[in-house]
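Work through these exercises with the model open beside you. Try each task before reading its solution.

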Amino acid sequence: VVRYGAKKAAQAGDPQAMLVADPATRADPRQVFERIRASGPLVKTRISNITVNHRVVHELLRSDDFKVTELGADLPTPLRWIENKTRSKALHPLKPPSLLSVEPPEHTRYRKLVSSVFTPRAVAKMREMVQEKADSLLEELVAGGREVDIVDKYCAQLPVAVIGTILGVPDSDRQRVLEFGEMAAPSLDLGLSWEQFNRVEDGLEQFDAWLADHLAELRRNPGEDLMSELIKATEDGVGLDDQELRATAGLVLAAGFETTVNLLGSGIRLLLDHPDQLDLLQQDPLHWPTAVEEMLRLESPVQLTARRAKRDVTIEGVPVPEGGLVVLVLAGANRDPEVFDDPYRFDVTRTNANKHLSFSGGRHFCLGAALAKAETEVGLKTLFDRFPHLRSAGEGIRRDTRVLHGWASLPVDLGQPA
Ligand code: HEM
């Protein structure tokens with residue numbers, strides 16, 4: 001098995017490498033976050049620079065001295081060399097022309113085409129559709145046994161049903177799309193084994209091939225969905241070329257379910273581990289919106305991102321040369337005691353929970369933030385209203401990804417439905 005250099009660096013105690021390549025740290029990152037925090041607002045590591053400081057993360061996400069970048073691009077590793085030789089032609093979420101990896105003018109052009117669909121106002125209208133999907137999934141749960149894996153049967157299903165409806169993905173394709181996503185999710189990570197790497201490649205390729213077919217089908221038979229609209233814009237000659245279209249549609253689809261599944265799962269787990277907080281919500285449902293922000297804060301579904309300096313700059317006294325990488329640990333910034341009192345406590349009434357940085361910031365601020373919050377609020381409230389006695393029925397298994405953070409499986413006992 002060939003591994004990235006990150007693995008060795010993690011064993012040597014490099015905090016950045018531990019965060020991206022050490023499974024024990026993934027389960028409980030507190031020690032590493034606090035070690036980095038104690039070393040200063042911006043810390044040089046063996047690989048680059050890292051920060052868990054809320055102010056610094058917030059500023060760098062908005063700074064014109066920095067641009068988006070691929071997290072692993074710096075690692076001098078045998079695998080990266082080989083990867084460049086074998087990398088397939090499939091689109092990659094962190095490579096151009098993905099929205100996540102381009103800056104203006106391309107970024108402005110792509111984002112303008114999709115952003116109107118996801119404004120808070122547009123999303124308010126989607127709540128009814130989200131509610132219907134949640135209700136029908138829970139109906140199916142009632143029909144099954146009392147013990148279920150709630151991630152598999154609910155948390156994974158709801159986001160793909162919602163984003164699939166918005167993008168015109170037929171019901172019959174959703175399970176396949178979920179499988180591609182599951183295979184490709186570690187594409188955001190470092191420290192992959194050969195086996196994982198090949199699986200990611202397969203997932204990306206299969207997803208890309210499916211997407212090309214799906215777009216061809218919509219070209220023949222357009223619907224009322226966002227993908228059909230994007231195609232129309234493309235054909236009008238003012239929109240995207242074929243590759244840009246696939247990248248944009250593919251990212252919106254994948255980002256639409258790969259992240260929200262984690263927030264739903266982590267939210268359930270937090271509530272089961274903190275019955276007093278669940279009680280508060282059951283007594284006063286007006287706490288739900290804040291509870292969702294607090295879940296985002298404590299269990300950031302995207303743990304970290306990165307930016308690269310466009311010129312020589314000095315941040316908090318640390319020189320970062322042109323091309324230098326800074327890892328922005330969103331999950332660490334969310335626990336900054338300068339912003340959040342008692343930052344490791346889960347408190348569904350925390351007044352400034354929405355100051356979390358889990359949706360990033362600046363021009364790459366998550367396009368789906370309003371939708372993700374609506375899905376989580378409706379999804380979790382409906383679940384606990386329908387199954388007020390739901391409780392944990394086992395340890396659960398964490399997802400085997402580093403940047404994406406959530407549960408692969410959470411066995412629960414649904415109890416008597418209301
Ligand atoms: C961007 C998180 C749900 C679509 C991002 C970024 C983060 C993020 C951190 C920016 C990364 C960076 O700045 O480097 C999340 C979380 C979600 C979620 C935590 C759920 C809890 C969604 C949903 C959609 C979506 C439901 C689909 C509509 C996107 C897109 C971008 C993005 C298209 C790229 C925006 C750009 O680069 O301009 N998301 N996301 N996300 N997200 Fe989300």
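**Exercise 1.** Which residue stands opposite Val412 in S12?

*Solution.* The model is predicted: local features need pLDDT of at least 70, side-chain atom pairs count only at pLDDT 80 or more, and totals for chains, interfaces and linings use all residues. Residues are numbered from 1 along each chain as its sequence is written.

Step 1. Find strand S12, residues 411–413. Strands (E, at least two residues) and helices (H or I, at least four) are DSSP runs, numbered from the N terminus.

Step 2. Look across from Val412: Val148 stands opposite.

Step 3. Follow the pairing. S4 and S12 run antiparallel and are joined by 3 bridges; two strands pair if DSSP finds at least two bridges between them.

**Exercise 2.** Describe how H8 meets H10.

*Solution.* Step 1. Take helix H8 (residues 120–143) and helix H10 (residues 157–167): their axes come within 10 Å and cross at roughly 140°. Axes are lines fitted to C-alpha atoms, for helices over the stretch in contact, and angles run from 0 to 180 degrees between N-to-C directions.

Step 1. That makes H8 oblique to H10. Under 35 degrees counts as roughly parallel, over 145 as roughly antiparallel, 65 to 115 as roughly perpendicular and the rest as oblique.

Step 2. List the contact (C-beta atoms, placed from the backbone, within 7 Å). H8 brings Met129, Val130, Lys133, Ala134 and Leu137, while H10 brings Gln157, Leu158, Ala161, Val162 and Thr165.

Step 3. Sort these residues: 7 are nonpolar, 2 polar and 1 charged. Ala, Val, Leu, Ile, Met, Phe, Trp, Tyr, Cys and Pro count as nonpolar, Asp, Glu, Lys and Arg as charged, and the others, Gly among them, as polar.

**Exercise 3.** Which residues are closest to the ligand, and how many surround it?

*Solution.* Step 1. The ligand is surrounded by 25 residues, and the closest are Ala255, Ser360, Cys366, Gly368 and Ala372. A residue is near if its C-beta atom, placed from the backbone, lies within 6 Å.

Step 1. Helices H14 (242–258), H15 (260–273) and H19 (369–386) are the elements that give two or more residues to this shell. H14 gives the most, with 4 residues.

Step 2. By class, the shell has 16 nonpolar, 8 polar and 1 charged residues.

How values were computed
Contact = placed C-beta atoms within 7 Å.
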